[in-house]
Amino acid sequence: MLTGLFAPGRRHAIPLMLFLLGGFAAPLLAVIAFSFVPSRTFSLWQGWTFANYAEIFASSSYITFFWSIGLAAATVLILAVVCYPVAFGMARVFGRYSTLVTLLFALPLFVSENVRIYGWILFFIKNGVLLGSLKSMFGYEPESVLFTTGLTLLGMVYVYLPFMLFTMALGVSMVPGQVRDAAFDLGATRWQVFREIDLPLAMPGIVIGFLLTFVLAVGAIAESKVLGGQRVIPVAHDIEIAFTYAQNWPLGAALSVLLMLVVGVLVLLVLRRFDLDTILGRR
Amino acid sequence: MEGSRDRMMRALVWAWTIAVIVFMYLPALSLFLASSTASRYFIFPINRWGFDWWQRTFASLEVHQLFRTSLLIALCVTAIAVVIALSGALAFARYEWKGRSVYQKIVLLPIFFPQTVLGLALLLWFNALGFTMSWQTAVFAHLVWIIPVCTLVISIQVYSFDPALEEAAFDLGASRFQVFREVTLPVLLPGIVSGALFAFLLSWGNFPLSLYTTGADTTLPEYLYAKMIAGYTPGVPVLGTVSTMAAALLMLLGYLVVLVLRRRRVDGAAGA
């Protein structure tokens with residue numbers, strides 16, 4: 001068959017690669033370049049400086065990084081526990097209802113996340129669905145839990161649940177049923193099958209689910225803004241402020257570069273280890 | 001003994017899943033309830049139900065304009081994404097070539113990237129190029145993450161595609177274009193329809209990318225966000241409910257189309 005530059009595979013990859021070059025690589029390079037220009041300038045050609053990075057580490061804005069990373073890690077851990085039984089069910093229990101369950105979990109993905117988060121406001125707000133019901137049914141009137149860090153976390157768990165679920169389900173469906181049956185026949189307990197077969201064989205999907213959820217959650221912004229009452233400030237919020245109200249693009253760019261570093265290193269480390277053909281393809 | 005424990009586990013898995021589904025739909029339910037009150041502010045339990053706010057929202061010219069902008073962006077995104085992603089998916093899953101595994105990972109990168117940062121990066125980039133933000137720049141921004149998603153969705157279909165079909169057609173003397181039209185396209189159609197559906201719906205619901213790249217044009221999610229921050233009316237939950245139901249309807253329709261296409265393909269294969 002043909003090899004070289006015009007091999008059919010390479011030829012078909014060209015439009016997509018060109019697009020990502022102009023639409024993904026170039027903007028990121030622009031951000032990196034902007035992070036080295038003097039504060040509050042809007043042109044790239046005014047000399048280079050490290051001042052923006054120095055400013056981040058001198059001020060307390062690196063604390064937002066820890067909040068973002070901590071909240072994202074907590075989101076991932078909670079979702080791992082919440083999603084595994086559902087992913088397991090989709091592969092092994094639900095049978096012909098599996099598609100229905102999949103569609104039900106996919107639908108929220110297609111509604112703008114701020115709208116869905118706003119639904120939680122209406123649920124938790126004073127005189128809202130939850131507190132209003134409690135009041136009218138039991139005459140019980142607790143404080144609203146809105147605008148707390150816990151609710152930020154709930155919002156994040158809610159928004160990123162489908163991402164964890166679907167990648168996890170992909171992993172769980174890679175576990176061959178015969179291997180499990182064989183283990184049970186040989187007298188393995190449920191726990192042993194889970195630990196020795198289900199978990200290791202589903203691992204690629206689970207790890208990619210962790211990665212995807214973490215990366216998206218680390219950039220989360222709407223949850224803390226809308227539900228958390230800005231009790232904690234995630235790093236994406238700092239970045240947004242720098243780009244908009246503060247009109248300090250170089251500072252925003254420097255913060256973005258640091259976030260990109262965290263995300264990029266993690267993604268490259270994890271993705272390197274997996275063969276996508278076996279996860280997606282199942283030929 | 002083993003059987004009853006098995007039944008119990010299945011019951012537990014079902015119960016847990018249903019609880020999680022209820023959790024996922026609580027906000028949508030709250031939105032619906034808040035949209036069907038006759039009063040200006042939401043107080044639950046609702047004592048005066050009414051759909052005035054639905055009428056008022058649908059009569060608003062501003063809302064019509066928002067729908068038009070969102071629809072225009074989503075349609076452009078879908079058309080462009082499907083073409084590039086189809087080609088990209090063939091490179092992803094159909095052909096063996098050097099550099100394919102690196103290419104597969106590059107395709108994933110925009111998906112594994114915080115969207116807020118991507119939106120701001122694109123704003124900066126467009127600005128450096130001297131573009132004015134408008135719905136066209138928003139189309140481009142949406143494409144940056146929707147093309148990779150769409151490529152993955154179509155790739156899953158491409159993986160199940162047997163290249164021997166194409167080769168057989170070539171051997172029988174079909175031209176490249178004929179092979180594509182008569183063999184490749186029909187076989188991949190279910191994947192292409194799902195890809196298009198994903199592209200449309202993800203663009204329709206996107207907020208973080210639109211926020212920074214639409215300029216003076218406004219999409220529905222942006223408008224809702226502005227209203228949530230300041231100036232709540234029951235029009236907000238009305239539009240939220242409408243977009244949820246529209247997405248559900250479209251998804252169901254798309255699913256049925258894919259189902260019919262799959263069935264036709266199976267029947268065709270059985271008949272041949």
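Me: At roughly what angle do the axes of helix H3 (residues 62-92) of chain A and helix H9 (residues 190-218) of chain A cross?
Reply: This is a predicted model, in which local features need pLDDT of at least 70 and side-chain atom pairs count only at pLDDT 80 or more, while totals for chains, interfaces and linings use all residues. Residues are numbered from 1 along each chain as its sequence is written, with chains lettered from A and ligands numbered from 1 in the order in which they are written. Helices (H or I, at least four residues) and strands (E, at least two) are DSSP runs, numbered from the N terminus, and axes are lines fitted to C-alpha atoms, for helices over the stretch in contact, with angles from 0 to 180 degrees between N-to-C directions. The axes of H3(A) and H9(A) come within 8 Å, and they cross at roughly 145°.

Me: How many nonpolar residues has the contact of H3(A) with H9(A)?
Reply: Two residues are in contact if their C-beta atoms, placed from the backbone, lie within 7 Å. H3(A) contributes residues including A:Ser68, A:Leu71 and A:Val76, and H9(A) contributes residues including A:Phe210, A:Thr213 and A:Phe214. Ala, Val, Leu, Ile, Met, Phe, Trp, Tyr, Cys and Pro count as nonpolar, Asp, Glu, Lys and Arg as charged, and the others, Gly among them, as polar. By class, the contact has no charged residues and three polar ones, and the nonpolar residues number 10.

Me: Which helix of chain A gives the most to the side that touches chain B?
Reply: The contact takes 76 residues from chain A and 76 residues from chain B. On the side of chain A, 17 residues come from the helix that gives the most, H1 (residues 8-34).

Me: What percentage of the residues of chain B count as buried?
Reply: A residue is buried if 20 or more other C-beta atoms lie within 10 Å of its own, exposed if 12 or fewer, and partly exposed in between, with C-beta atoms placed from the backbone. Chain B comes to 11 helices and zero strands. Of its 272 residues, the buried share is 43%.

Me: Is B:Arg263 buried or exposed?
Reply: B:Arg263 lies in helix H11 (residues 235-271) of chain B. Because 11 other C-beta atoms lie within 10 Å, B:Arg263 is exposed.

Me: Where is A:Asn127, which has a positive phi although it is not a glycine?
Reply: Phi of A:Asn127 is about 65°. With 16 C-beta neighbours inside 10 Å, A:Asn127 counts as partly exposed. Its place is in the loop between helix H5 (113-124) and helix H6 (129-138) of chain A.

Me: Does A:Gln247 count as buried or exposed?
Reply: A:Gln247 is found in the loop between helix H11 (235-243) and helix H12 (249-272) of chain A, and its phi is near 50°. Because A:Gln247 has 12 C-beta neighbours inside 10 Å, it counts as exposed.
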